Amino acid sequence: MPQVNPRFSVLSDDFAADPYRHFARLREQDAIHYESVIDSYFVSRHRDVKRVLTDHETFTTETLQERAEPVMRGPVLAQMTGAEHTAKRKIVVRAFTGRALRDQMGVVHANAAELVAPFLSRGRIDLVDDFGRPLAVNVTLDILGLDKRDRHQLAAWHSGVAEFITAIALTPERRRHCLDCADRLEGYLAPIIEERRRHPGEDLISTLCAAAFDGIAMTDREVTALIINVMVAAVEPADKTLALLFKHLIDHPEQLAQVRKDPALLPAAIAETLRYTPPVQLVPRRAERDVVLAGSTVPAGATVFCMIGAANRDPAAFAAPDAFDIHRPDLGTARSFTAAAQHLAFGTGLHQCVGAAFARAEIETVAGLLLSLFDEVRHTPGARYRETGLYTRGPAALRVDFTPARSAPAPP
Ligand code: 2IO
């Protein structure tokens, strides 16, 4: 039997402080780690995670009925199967690719330019609180066609919903708070959905209202769930990915210099950021039968968490996995945002992220803009770096100092 440290827990403060320190031991000695307090299994090897995410008969997304549906107010895309899934997935994919995507990048660029402008003369910004988080919210609201004047309220409700989805354990009070946020968000959306059905615009809510599945339009409940699904999926990982990209580039100045010189390297830098530090660290599935996984039997009904961060650092999948290297030959940048991706940051299989192309374009647009505005960028002296989150994980803050580019537009 492999040695298992009975005192180790993914729920410990030690793990939360730096999960990456524990991944090698987990993969090597505890490849299916059982956490009794939450009665769940954690798989960490690349091949096991891939198996769980592609063997759809054995491992289903039924976990989302409890984890997502209560706050989504209806089934999300990832819960669906068969013809319904194919049809609705296509509707959402279309809304985030091709011409729609090109138009959205105009929205991304405009929002990013507006948010960064007041900081240009100061030469100092927190890329999470001052920029990445409000940017992710504003862009998502613009795409959905929601009023940005309501952004603080919407962001607060969104946080409650996201907390519910990404919590490992919730106290009854927090649970009530999250459900209350979802309830209010649903109430806010109801009249807007009604209005868009009568007077459709170019926004995503109108698209969802007008879309038909089997010749039948979606119900309010279905539209609401997809709106909240898109909202959480577009906001929650975006600021984390952007901040992690800058953190890694600042910490690897030679690679930052290369990306500056040749912005065509940005997609590789983004793909490597997603591999090295995926913002979504856990993906849950339910075992539908007793199944042998990583040498142990997982009982029918069990929750299995795929550890994306651990899988992406598996030496069986990537050479020198603990090095950040935008030139790594096994990255396959072009594939990294498609179904052929070797890293698992977007998941894999039938439910692989529908927003992958959007995510790449969004981060590329924003990072390209920031690099053109910041001539030099470094950590603010004395700023402490810390990451938070077990399910989604990212920097609590990323405080940077920069020298404004001489060609930068004057602040308003
Ligand atoms: C929203 C976890 C932020 C998704 C989820 C209930 C379904 C699905 C994901 C990602 C990221 C979120 N799961 N996006 O892991 O839509």
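Which residues lie nearest the centre of the largest pocket? They are Thr63, Glu66, Arg67, Ile168 and Thr303, among a lining of 19 residues. This is a predicted model, in which local features need pLDDT of at least 70, side-chain atom pairs count only at pLDDT 80 or more, and totals for chains, interfaces and linings use all residues. Residues are numbered from 1 along each chain as its sequence is written, and side-chain values use heavy atoms, with hydrogens and water left out.

**The ligand**

- The ligand sits in the largest cavity; to sit there, more than half of its atoms must lie within 2 Å of the cavity's grid points.
- Around the ligand are Ala68, Met72, Ile165, Asn229, Val232, Ala233, Glu236 and Val280, each with a heavy atom within 4 Å of the ligand.
- A ligand oxygen lies 3.0 Å from an N or O atom in the side chain of Asn229; a polar contact is a pair of N or O atoms within 3.5 Å.
- The ligand has 390 Å² of accessible area on its own, and the protein covers 81% of that (Shrake-Rupley method, 1.4 Å probe).
- Helix α12 (residues 220-235) gives the most to this shell, with three residues; helices are DSSP runs of H or I with at least four residues, strands are runs of E with at least two, and both are numbered from the N terminus.
- By class, the shell holds six nonpolar residues, one polar and one charged. Ala, Val, Leu, Ile, Met, Phe, Trp, Tyr, Cys and Pro count as nonpolar, Asp, Glu, Lys and Arg as charged, and the others, Gly among them, as polar.

**The largest cavity**

- The structure holds four cavities of 30 Å³ or more. On a 1 Å grid over the protein atoms alone, a cavity is a set of points where a 1.4 Å probe fits but cannot get out; a pocket is an open set with protein on both sides within 12 Å along at least five of seven lines; lining residues have an atom within 4 Å of a point.
- The volume of the largest cavity is about 1200 Å³, counted as the space filled by probe spheres set on the points.
- Its lining has 49 residues, with Asn229, Ala233, Pro237, Val280 and Cys353 nearest the centre.
- Helix α12 supplies the largest share of this lining, six residues.
- The lining divides into 33 nonpolar, 10 polar and six charged residues.

**The second largest cavity**

- This cavity holds about 100 Å³ of space.
- Its 14 lining residues include Phe15, Gln281, Leu282, Met307 and Leu390, which lie nearest its centre.
- Helix α16 (residues 308-311) gives the largest share, three residues.
- The lining has 12 nonpolar, two polar and no charged residues.

**The largest pocket**

- The largest pocket has a volume of about 520 Å³.
- α4 (64-67), β7 (282-287) and β10 (303-307) each supply at least two lining residues.
- α4 gives the most, with three.
- Eight nonpolar, five polar and six charged residues form the lining.

Definitions and conventions. Polar contact = N/O pair within 3.5 Å; in protein donor to acceptor, adjacent residues only side chain to side chain.
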